[in-house]
Amino acid sequence: MSRTNLKAFIFIPVLLVLSLYSYRAECAEFSIRPSIDLIQEYNDNIFLSKGNQESDYITRIMPSVNMNYRTPFWDWRLDYTLNWWYYHKLGKNYDSHLINLASHLNIINNFLYLDVNDNYSNIALDQRRPSNENNLNVNRTDTNNLTVSPYIKYKITPVDTLTAGYRYTNIWYREEEGINRQMHTGYATIEHVFNPKFNAAIGVEYTADRPENTEPDNDQTAVFVRGAYVISERTNLDGTLRYIWIDFSNNNKEENISYNFGLVHRFHQMGEIQLRISSDILTSALYGIHESRTEQLTIRYGETFTVNGSVFHREDKYLETDLKDKAIGITTGFEYRPDPRLTFIISGTYEKNNYLPEDEDREIYRAFGEIAYQLTRKANLILRDTYTKENGRTGIEDYRNNIISIKVRITI
C-alpha cells in the first residue's frame, strides 16, 4: 500500500475519534446501522476463460456498517463493507473493501468550509479486456480516491454568492500497472439567483495533474458557465459548458469543449424520463486522461410493477495515446412487488464496443434475475442468477459465465 493511500485509511479512525469527542461536547445526532450478508454461490467460470472452464463454490461473508453523524457544524456519513470470499475447490480466500466517506465541516459559519470524500472500491483494470464485477480476481483492481477541499463561500449580495477554494485529489490502485496520481485544483465561481426557478454561475478552474512514475504531467485550465432551470413542477433542466486548455510536459497541447446537460421529467409519483448528454476529461487506470462523451436516455415507469430501460452511446478518446473506444447499448428490465415483503427483478443488457485503431469489436450480453423476500423485520432472503456472454475482441477472449447465489442479509 502506498504512503498516500495509507493516509486515506488513517483519516477514517481519526475522523471517528474526533466525532466521538464532539458528540460528548455538544448535542448531536448519531446513528449506526450494522448488517451482514452471508452468500453461497456457484460460479461456472471463475477465470472467464473460453476453454477449460473452471467452476467453484464460493462463500462470501460481507459485514457492513452505516454511520451518520450530524452537529450544527459537522455532518459526515460513512458506509463500509468488507468483502471476504473463499474458493472451496481452489482452497484460497481473498478480501476487498468498499468505503464511502463524505464529511462536511463548517469551520467558520457561513464562510469557511472543509469537505472530505473518500471512496474505496473495486473496478476493471483494463476496460478493453474481459471483466466482470462478480469475478474480482480477473482484470480487476482495488482503487482509492481521496478528495480534500477547503473553500470559502461568501454571499456578496442576497442573490450573488462567491465560492473559491482548493481541492486535493489522490487516486491509488492496488495493481502496480495502475497509474497513481495526485491532482491539485484551484477554483472560483460566482453564482447568481435570477429567481426561484433559475440560477446560473460562471467560473474558472486550474488543475495540476501529477501521475506517479510516468510521463507526462499536465496542467488544465478551464472556464465554464452552468445553470439550472425549473421548467415546471415536474420538469427540470440543468447544464454546464466548459472550455479547457491542456498543456502536457512533453509540449503537447489539447483544447477541449466539454459539456453536461440533463433534462428530467417526472410522471407524478410513477416514474421519470431522463435525457443526459455529457463530455468530460476523466482519468483511467492504464491509459492516462481521456475525453469521455456520453449520451443516454433513461425511462422508469410504474409503482407496484415498474418498467425501466435505457439506451446509451459512449466514446472515449485517450489524449496520451492514439486509442479510441466506442460503445452503444441498451438495457431493459422490470421490478414487480406483489407484496411489501416480496420483490421480483429481471433485467437484460446488450452492449457493443469498437476499439480503434485496431478496429476490433466486442459484444456483451447480460441477464439478471432476482427474488427477494423479507423473512423478518431484520432478515432478508435473496436468490440471484447472473448470466454473461462476451464475444471478445479476439477469439480467446470469448467466454460465458453463469453465477447462481443465495444470500441472507441480516440487519442488526
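**View A. The E2–E3 hairpin in the predicted model.** Three residues link strand E2 to strand E3 in a hairpin. The two strands run antiparallel and share eleven bridges. Tyr-69 sits opposite Trp-76 of E3. Both Tyr-69 and Trp-76 belong to the largest nonpolar core.

**View B. The E3–E4 hairpin and its turn.** E3 pairs with E4 over 14 bridges, again in the antiparallel sense. Across this pair, Leu-82 faces His-97 of E4. Four residues lie between the strands. Gly-91 in this hairpin has a positive phi near 70 degrees.

**View C. The largest nonpolar core.** Eleven residues build this core. Among them are Ala-28, Val-65, Met-67, Trp-74, Leu-78, Ile-99, Leu-101, Tyr-120 and Trp-172. Strands E2 (56-70), E3 (74-87) and E4 (92-108) each give two or more residues to the core.

**View D. The E8–E9 hairpin.** Two residues connect E8 to E9. Strand E8 (residues 181-195) and strand E9 (residues 198-211) are antiparallel, with 14 bridges joining them. Ala-188 has Val-204 of E9 as its bridge partner.

**View E. The E9–E10 hairpin and its turn.** E9 also pairs with strand E10 (residues 218-232), through twelve bridges. This pairing is antiparallel. Tyr-206 is bridged to Thr-221 in E10. Six residues separate the two strands of the hairpin. In the turn, Asn-213 takes a positive phi of about 55 degrees.

Key:
Residues are numbered from 1 along each chain as its sequence is written. This is a predicted model: local features need pLDDT of at least 70, side-chain atom pairs count only at pLDDT 80 or more; totals for chains, interfaces and linings use all residues. Side-chain values use heavy atoms; hydrogens and water are left out. A nonpolar core is a set of buried Ala, Val, Leu, Ile, Met, Phe, Trp, Tyr and Cys residues joined through side-chain atoms within 4.5 Å. Buried means under 20% relative accessible area, exposed over 50%, partly exposed in between (1.4 Å probe, protein chains only). Two strands pair if DSSP finds at least two bridges between them.
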